[in-house]
Every structure is written in C-alpha cells, then in structure tokens.
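Subject: Structure handover and notes on local features

Dear colleague,

I am passing the structure below on to you, together with my notes. Please read the notes with the coordinates open beside them.

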Amino acid sequence: LGGSWHAVYGRRMVDTPQTPPSPAPHPARVLWQRLETLHAVTYFAPESRAAASGVGFRGFWMGYFGFRAAPMGAVGAGVVSATFANFAPAMVERAVPSAWDFATPADAVVARSAAAAAALRAIVPDIDDVAPTVVDRLGPVVASLDLLGRPLAAANAGVDLPDDPVEQLWQTCTTLREHRGDGHLMALAAADLSGLDAHVLFAAERGVPVELLRDNRGWSEADWETSVDGLAGRGLIDADELSADGRALSDGGAALRGDVEAMTDELAGRAIAAVLGGPGDADFDAVLALVDGPARTVAGSGVLPFPNPMGLSPISGSD
C-alpha cells in the first residue's frame with residue numbers, strides 16, 4: 001500500500017495565484033515543520049512498513065493505527081476515532097481492536113521507534129551527531145508540556161525513552177507533534193468543526209485534490225458532501241463554486257481557518273516559549289539549527305510525499 005500512497009500523495013499541487021507576503025509563521029509552527037518531518041518517516045519509510053508487518057500487523061492501515069495508538073494501550077476503535085479525529089469510524093473499525101490480536105501495544109511501541117530510527121539513519125547518515133543534543137534540549141520542553149485533555153501527548157510522554165539516541169530523538173519529536181495535534185483538536189472543537197470538516201476546509205483553502213483527503217481517510221462521497229453542505233450553510237465555503245481541486249473557501253471560512261491555526265500554534269507554543277524562547281533567543285535558535293538540516297534532508301529524500309493529508313509542506317529556503 002505504501003506505493004499507492006505515493007501514487008496519490010505524489011501529485012503536484014495545482015498552481016495558485018500570487019498573493020501578498022504572509023506574516024512570519026509562529027515559532028511553534030516553524031519548529032513543528034522540522035519535527036513533523038523527522039517524525040513522519042514512521043508513515044512512509046519502508047523500514048517502518050516492514051516493522052509493522054514484523055510485529056504481526058496485517059496490512060498498511062492496521063500498522064498505521066496500531067503503531068500510532070500503541071502508547072495508549074489496547075484501546076478500541078472509539079478511542080482511536082476520537083483521538084485521531086480525521087478518519088471515518090468505519091475505517092478505524094477495520095483495524096482496531098483486531099490489531100491487538102496480532103501484536104501487543106508494548107511490542108508495537110518498541111518496533112516503531114526502532115524502525116523510525118533505522119529510516120532516519122538511512123536518510124540522514126549524520127543524524128547520530130545531532131540526536132543527543134536535540135534530545136537534551138527538547139527534553140525539558142516535553143517535561144513542561146500541559147497534558148490536560150491531551151491523550152496522545154500524555155500517552156507518548158509516558159513512553160520510556162529507548163537507549164538508542166536516534167530512537168530517543170524520534171520519540172521526542174513524536175511526543176511534541178502529538179501534543180500539537182491534541183491542541184489542534186481542541187481548536188477544532190472550539191470552532192464547532194469535525195475532523196471531516198477540517199479536511200473539507202483544508203482542501204478548499206489549499207487546492208488539495210479532494211480524493212487525497214477523502215479516500216485515504218475512509219470518507220465516502222456522501223460523507224464529504226454532507227460536510228460541504230453543512231459548511232456552506234454556515235457560510236464557510238461556497239458550495240456552488242466548489243471546483244475539482246476543492247478551492248471555494250469563503251472569507252469567513254478563511255478567517256475561521258486562521259483562528260484554528262492560530263489557536264493551534266498558541267497551545268503548542270507555550271512550553272516551547274517557556275523553555276526555549278523564540279527566534280533570536282539562543283536556545284530556540286540552537287535547536288532549530290540542529291534539526292533544520294536533517295529535516296531538509298528527509299524532505300528532499302523522496303520518502304515523504306508532497307502534498308499529504310498531514311498538512312506538511314517541504315521546507316523552503318525562507319521557512
């Protein structure tokens with residue numbers, strides 16, 4: 001299935017009109033882009049797909065749900081649907097809880113970090129040179145995270161760090177990205193948006209092919225159209241102008257998307273700011289410099305597809 005993911009996700013984004021320069025991105029978003037890039041090998045690298053099969057998971061999606069949910073224990077489909085948020089429940093139910101009949105959560109936790117570390121070493125040969133320092137600097141950020149209402153972050157923060165430094169780096173990146181993701185769900189809930197609604201708005205804003213998000217998250221055409229109708233009724237998209245690439249975001253929809261992303265950055269950035277400061281502060285700049293090179297190497301390796309449903313973009317020279 002990994003090959004088919006690349007076949008879909010590897011489609012180029014459609015050209016978009018020139019727009020005025022955007023404000024500088026939030027520091028938490030700048031750091032997230034690097035950490036998410038390092039984390040994301042777990043979804044696409046052949047080492048990770050092989051590891052999922054190696055522990056007993058059947059097929060790509062059981063491996064995805066099993067590996068990502070494993071820190072929470074042998075949870076059921078309802079918990080996974082609620083915490084992952086953007087997958088159709090029926091898709092989750094095909095993999096969970098049956099995944100735990102094939103592999104234990106404890107084995108999955110060990111296998112996923114070992115596989116991700118192997119992938120990072122294959123892509124970034126000098127990753128061992130920076131991993132211990134990055135972990136040392138980000139460890140206090142993880143320790144200071146507010147875990148209230150953040151189940152995936154709390155579960156990952158409770159994972160004992162492996163002895164291997166690159167595995168430690170990957171787990172640290174993973175805990176921070178899941179913390180950001182939990183906060184993003186808080187922002188969506190505050191905006192009265194479902195995970196499916198978020199996909200529809202994202203497609204409308206970015207011009208991402210609808211099928212990339214809809215089909216690979218298990219939603220039917222009817223599900224998608226129900227969300228479109230609901231969002232149109234709220235004035236967030238113009239359903240009459242919905243084009244093949246999904247771009248029909250209203251001014252109100254753009255404003256709401258901006259509010260959600262701003263809250264996501266704010267919630268994710270509190271611990272980062274408290275421990276590392278921001279751009280121009282020595283600690284923040286040092287961490288960013290350490291992870292920037294490896295993240296750019298991963299992004300340019302071809303292992304990660306762009307565009308992708310994570311909303312992760314390649315790191316540009318100005319980012």
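Predicted model: local features only at pLDDT ≥ 70, side-chain atom pairs only at ≥ 80, totals over all residues.

Residues are numbered from 1 along each chain as its sequence is written, and side-chain values use heavy atoms, with hydrogens and water left out.

Taking a salt bridge to be a side-chain nitrogen of Lys or Arg within 4 Å of a carboxyl oxygen of Asp or Glu, the count comes to 17. One of these pairs Arg-34 with Asp-292, whose closest N and O atoms are 3.0 Å apart. Because Arg-34 lies in helix H2 (residues 27–39) and Asp-292 in helix H16 (residues 282–299), this pair ties together parts that are 258 residues apart in sequence; helices here are DSSP runs of H or I with at least four residues, numbered from the N terminus. Both partners, Arg-34 and Asp-292, are buried, where buried means under 20% relative accessible area, exposed over 50%, and partly exposed in between, with a 1.4 Å probe and protein chains only.

Asp-292 also meets Arg-296 in a salt bridge, at 2.8 Å from N to O, and these two residues sit four apart within helix H16, about one turn of the helix. The relative accessibility of Asp-292 is 19%, which counts as buried, while Arg-296, at 28%, counts as partly exposed. Elsewhere, salt bridges that share partners join Arg-29, Arg-180, Glu-205, Arg-206, Arg-257, Glu-261 and Asp-265 into one network.

A further salt bridge links Arg-150 to Asp-146, with the closest N and O atoms 3.8 Å apart; here Arg-150 is buried at 5% relative accessible area, and Asp-146 is partly exposed at 43%.

Turning to the backbone, a cis peptide bond with omega of about 10° joins Val-96 and Pro-97, and Pro-97 is placed in the loop between helix H7 (89–93) and helix H8 (105–123). Another cis peptide bond, with omega of about 5°, joins Phe-306 and Pro-307, the latter lying in the segment after H16.

Ala-85 is not a glycine, yet has a positive phi of about 75°; Ala-85 is found in the loop between helix H6 (77–84) and H7 and is buried, at 19% relative accessible area. Asp-192, likewise not a glycine, has a positive phi of about 60°; the loop between helix H11 (165–190) and helix H12 (195–206) holds Asp-192, which counts as exposed at 57% relative accessibility.
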